[in-house]
Amino acid sequence: MKKQLNRLIDCSMCPNMCKFSCPVYLATGSETFTPQKKARLILYREKNLLEDNDGFFDTVFQCALCGSCVVNCQYDDFDIRDFITNERSIAFEKGFVPPLMEKVLENFNKFGNPSGERETIDKGEGEIGFFVSCNTFKDKSILSATEKILNKAHVDVKEFGGGDICCGAPLFFAGDMDGFKKKAEQMEKLIKEKGVKRIITNCPTCIKMMKKHYAEVGVSIGVDIVHTLTFTKELIDEGKLSLKKVENKSITYHDPCILAKDLDILEIPRTILKNIGYSLREPAYTGKDAHCCGGKTKVGDRNTRDAISSMRENELKETKAPEYVSACPTCKDVLKSLQMKDIAEIVGEALE
Ligand code: SF4
Ligand code: SF4
């Protein structure tokens with residue numbers, strides 16, 4: 001921790017060049033919201049030098065937790081998001097909840113999920129668990145395309161999701177760490193009851209929560225969890241899926257932050273799209289340098305979140321591609337004006 005605190009001091013005195021990759025800075029132009037200024041404010045808070053706590057708390061919610069500053073950081077072992085999420089938990093304990101997150105927390109308290117979903121999915125048998133994330137649950141097109149892929153490859157899965165089954169990410173983003181720990185423990189119990197050997201899911205954030213942040217609150221789901229994209233590639237490589245080719249079609253792939261920057265999955269979606277016959281039109285900021293879609297519940301301020309989303313939509317539109325695709329139900333939902341598809345839908349359409 002001392003080493004990390006020293007890094008925070010280093011960050012607060014750094015030339016701050018990573019700000020040119022920070023979508024919050026790029027979309028708002030606010031110096032206060034750059035990674036370096038956040039580090040400095042966190043240090044000031046640690047030393048009790050801040051008078052306006054609410055103003056400070058507002059700043060720590062002006063972050064998409066996207067990891068662009070981590071990718072571009074001059075230190076290999078520094079992730080300012082760990083400090084930002086810690087400050088969010090302090091803000092939550094002191095009763096500070098950004099307005100944009102209030103409704104989400106209200107839904108959680110009533111329904112156990114961010115969107116107020118009541119229906120649940122609990123079907124199938126098999127050694128693989130298919131966890132239907134809240135955003136996949138809402139997007140029936142992604143859900144049915146994924147089911148179609150699994151059926152075609154004759155993979156038996158235990159499918160579950162909806163209702164109060166949620167990885168807890170929105171609670172984590174809001175700083176409600178007690179609530180998040182409870183959700184993590186609920187998920188751990190559920191997965192153990194299912195008795196599966198591996199979990200697949202369409203949502204990169206669920207994977208990061210269950211792999212990294214559950215461990216931080218002392219919870220382990222005890223099995224590996226992978227993106228359905230990774231699983232689909234395995235099925236293709238094993239010859240369990242064959243795909244029709246498209247001709248003369250180009251497409252732009254938007255890298256979801258967590259999938260590209262945290263989970264390092266860059267080539268698999270591109271390989272699948274090329275195998276189907278698409279030519280790829282890469283945006284100027286792509287791969288680990290792709291800017292965030294803005295998310296739904298990571299940024300505490302609606303104007304900032306929407307400005308980030310518009311910026312990313314414009315960057316993608318610059319490719320002038322006839323079609324857009326991603327591998328995250330949240331990105332697809334947020335970047336609506338592009339009529340984006342999820343890669344599961346593209347694979348579903350190409351199944352022979
Ligand atoms: S996150 Fe890294 S590169 Fe960015 S200001 Fe801090 S130390 Fe510098
Ligand atoms: S995680 Fe993303 S939004 Fe937050 S400070 Fe770093 S680059 Fe900016």
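In this predicted model, Ala145 is in contact with Ala344, Glu345 and Gly348, leaving aside its neighbours within four places in sequence. Ala145 belongs to helix H9. Because 23 other C-beta atoms lie within 10 Å of Ala145, and 20 or more are needed, this residue is buried. Leu335 stands 190 residues from Ala145 in sequence, and the two C-alpha atoms are 20 Å apart in space.

**H9 and H18**

Helix H9 covers residues 140–152 and helix H18 covers residues 343–350; their axes are 8 Å apart and pack at an angle of about 50 degrees. On the H9 side the contact is made by Ser141, Ile142, Ala145, Thr146, Lys148 and Ile149, and on the H18 side by Ala344, Glu345, Val347 and Gly348. Sorted by class, the residues of this contact are five nonpolar, three polar and two charged.

**H13 and H15**

Helix H13 runs over residues 228–237, and helix H15 over residues 267–276. The axes of H13 and H15 cross at roughly 50 degrees and come within 10 Å. H13 and H15 are therefore oblique to each other, and their crossing is left-handed. Leu229, Thr230, Thr232 and Lys233 of H13 meet Ile268, Pro269 and Ile272 of H15. This contact has four nonpolar, two polar and one charged residues.

Asn202 sits in the loop between strand S4 (198–201) and helix H12 (204–216). Asn202 counts as buried because it has 28 C-beta neighbours inside 10 Å, against a cut-off of 20 or more. Not counting residues up to four places away in sequence, Asn202 touches Ser133, Thr136, Ile142, Thr146, Thr228, Pro329, Asp342 and Ala344. Among these, Ile142 and Thr146 are in H9 and Ala344 is in H18, and these three also take part in the contact of H9 with H18. Arg270 is 68 residues from Asn202 in sequence, with 16 Å between the C-alpha atoms.

Leu351 is placed in the segment after H18. Leu351 touches Lys148, Ile149, Lys152, Leu241 and Leu243, leaving out residues up to four places away in sequence. Lys148 and Ile149 are also among the H9 residues that meet H18. Ser242 is 109 residues from Leu351 in sequence, yet their C-alpha atoms are 6.2 Å apart.

**Positive phi values**

His154 has a phi near 55 degrees, a positive value in a residue other than glycine. This residue is found in the loop between H9 and strand S3 (157–162). Asn248 also has a positive phi, of about 55 degrees, although it is not a glycine. Its loop lies between H13 and strand S6 (250–253). His154 counts as exposed because it has 8 C-beta neighbours inside 10 Å, where 12 or fewer is the limit. Asn248 is exposed too, with 7 other C-beta atoms within 10 Å.

| Residue | Other C-beta atoms within 10 Å | Class |
|---|---|---|
| Ala145 | 23 | buried |
| Asn202 | 28 | buried |
| His154 | 8 | exposed |
| Asn248 | 7 | exposed |

**The chain as a whole**

The protein chain has 18 helices and nine strands. Its radius of gyration is 20 Å, close to the 20 Å given by the globule rule for 352 residues, so the chain is as compact as a globular protein of that length. Taken along the principal axes, the C-alpha atoms fill a box of roughly 65 × 45 × 35 Å. Of the 352 residues, 49% count as buried. Among contacts between residues at least 6 apart in sequence, 77% join residues at least 24 apart.

Key:
Residues are numbered from 1 along each chain as its sequence is written. Chains are lettered from A and ligands numbered from 1 in the order in which they are written. This is a predicted model: local features need pLDDT of at least 70, side-chain atom pairs count only at pLDDT 80 or more; totals for chains, interfaces and linings use all residues. Axes are lines fitted to C-alpha atoms, for helices over the stretch in contact, and angles run from 0 to 180 degrees between N-to-C directions. Helices (H or I, at least four residues) and strands (E, at least two) are DSSP runs, numbered from the N terminus. Two residues are in contact if their C-beta atoms, placed from the backbone, lie within 7 Å. Ala, Val, Leu, Ile, Met, Phe, Trp, Tyr, Cys and Pro count as nonpolar, Asp, Glu, Lys and Arg as charged, and the others, Gly among them, as polar. The radius of gyration is taken over C-alpha atoms; the globule rule is 2.2 Å times the number of residues to the power 0.38. Angles under 35 degrees count as roughly parallel, over 145 as roughly antiparallel, 65 to 115 as roughly perpendicular and the rest as oblique. A crossing is left-handed if the near helix is turned anticlockwise from the far one by less than a right angle, and right-handed if clockwise.
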